[in-house]
Amino acid sequence: MGDIVIAQINSIYLGIEQQLGPMGPIYVGAGFGVAMMLLAVTLLLPKRAKPVGDLRTHETEVDGGATSLRPSEGKGTIDKYSSFFEPSNTEDLSEARQKMMRAGFRSPSAVRYFYFARAAFALGGIVIALVATMLAFAEPKVANVTIFTTVAGLIGYVLPAYWVAKRTQQRQEEITNGFPDALDLMLVCVEAGQSLDQAILRVSSDSEAANPALAEEFAIVGAEIRAGKERNQVLRDFADRSNVTDVSSFVTVLVQSAAFGTSIAQALRVYAAEMRDKRLMRAEEKANLLPTKLTLGTMAFTVPPLLLILIGPSLIMILRAMTGVASY
């Protein structure tokens with residue numbers, strides 16, 4: 001039975017080569033990949049709503065004895081395929097959601113869109129590499145096509161993760177640079193008689209234009225506190241979301257100040273001064289690194305041409321003497 005299947009596959013392969021040439025199987029594979037991609041896009045497109053809405057989306061759902069009056073999620077988007085684009089392990093899913101939140105993506109479907117983007121970019125890179133290889137070479141070799149498609153697929157797979165990591169780094173830098181100013185504003189609000197919760201909301205509204213990332217984080221903190229969540233837990237969640245050392249230290253200071261009954265204004269004053277000093281030290285560190293970077297650049301772009309000018313004529317004369325060519 002196995003020999004018969006292998007013989008049929010070989011006959012199909014030879015028939016494709018006879019009809020389309022040596023690259024025929026690759027053409028067929030590329031066409032199949034494009035067809036599958038178009039089919040996946042068609043399935044993921046939202047369906048047109050019925051004139052009479054689906055009443056089942058508004059039915060109550062009973063889960064563990066508790067009745068939920070919320071409508072179920074939409075079924076016309078990628079959310080209906082969440083089992084294919086989300087980690088099955090709970091720990092991996094929680095870690096992926098935390099990474100997306102640190103990058104600023106707070107949607108519940110951010111993780112599945114991220115994994116969908118990975119698959120789509122990888123498949124798109126493979127298709128683009130195949131098309132580019134066919135257009136660049138009249139008769140491309142199978143080994144070259146395999147190498148190009150593999151590299152393009154890997155680049156497409158890694159690109160979304162790199163973009164998320166880069167966005168996370170930029171967001172952390174933005175929070176770190178704007179945190180001392182936010183602490184100064186919070187200190188002014190607390191010393192003016194406002195509570196810490198009101199000061200957080202005021203900082204969120206006033207720093208929205210200058211530092212949107214930090215303003216968004218403070219807005220989340222204020223909303224969670226108003227919703228009744230414990231303040232210490234809200235502050236710890238703030239430190240976990242931002243993943244910034246200065247924010248973690250700030251949360252520790254507030255928690256300890258509330259635990260020991262010390263003045264929050266005094267703690268903010270001391271910590272705000274320390275954050276300003278740290279920002280000044282970071283600026284001085286970057287300024288001290290500048291001469292070293294300029295020296296490396298100067299050496300890289302100055303020494304090789306200088307050596308070529310100084311040693312080049314001597315090398316030419318030595319080569320002529322060794323080969324017996326007369327110099328003019």
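Me: Before we start, what counts as a helix here?
Reply: A helix is a DSSP run of H or I with at least four residues, and helices are numbered from the N terminus. Please note that this is a predicted model.

Me: Thanks. Where does Thr149 lie, then?
Reply: Thr149 lies in helix 5.

Me: Is Thr149 buried or exposed?
Reply: Thr149 counts as buried, because its relative accessibility is 11% and buried means under 20%.

Me: Which residues is Thr149 in contact with, leaving aside neighbours within four places in sequence?
Reply: Those residues are Ile126, Ala129 and Leu130.

Me: On to the largest nonpolar core. Which of its 32 residues touch the most other members?
Reply: They are Phe179, Met186, Phe218 and Phe250. Two or more residues of this core come from each of helices 5, 6, 7, 8, 9 and 10. Helix 5 provides the largest share, with 8 residues.

Me: What is Met186 in contact with, again leaving aside neighbours within four places?
Reply: Met186 is in contact with Leu196, Ala199, Ile200, Val203, Phe218, Phe250 and Leu268. Apart from this core there is another one of 8 residues, including Leu93, Ala96, Ala103 and Phe114.

Me: New topic: the surface. Which residues form a nonpolar patch there?
Reply: Among them are Leu296, Met299, Val303, Leu306 and Met322. The patch has about 1200 Å² of accessible area together.

Me: Which helix holds Met299, and why does Met299 count as partly exposed?
Reply: Met299 is found in helix 10, which covers residues 264-323.

Conventions
Residues numbered from 1 in each chain as written. Predicted model: local features only at pLDDT ≥ 70, side-chain atom pairs only at ≥ 80, totals over all residues. Heavy atoms only, no water. Patch = residues over 30% accessible without salt bridge, like charges linked within 9 Å, V, L, I, M, F, W, Y side chains within 5 Å. Areas by Shrake-Rupley, 256 points an atom, 1.4 Å probe, with all protein chains shown as cover. Salt bridge = Lys/Arg side-chain N within 4 Å of Asp/Glu carboxyl O. Core = buried A, V, L, I, M, F, W, Y, C linked by side-chain atoms within 4.5 Å. Buried < 20%, exposed > 50% of the residue type's maximum accessible area, 1.4 Å probe, protein only. Contact = heavy atoms within 4.5 Å.
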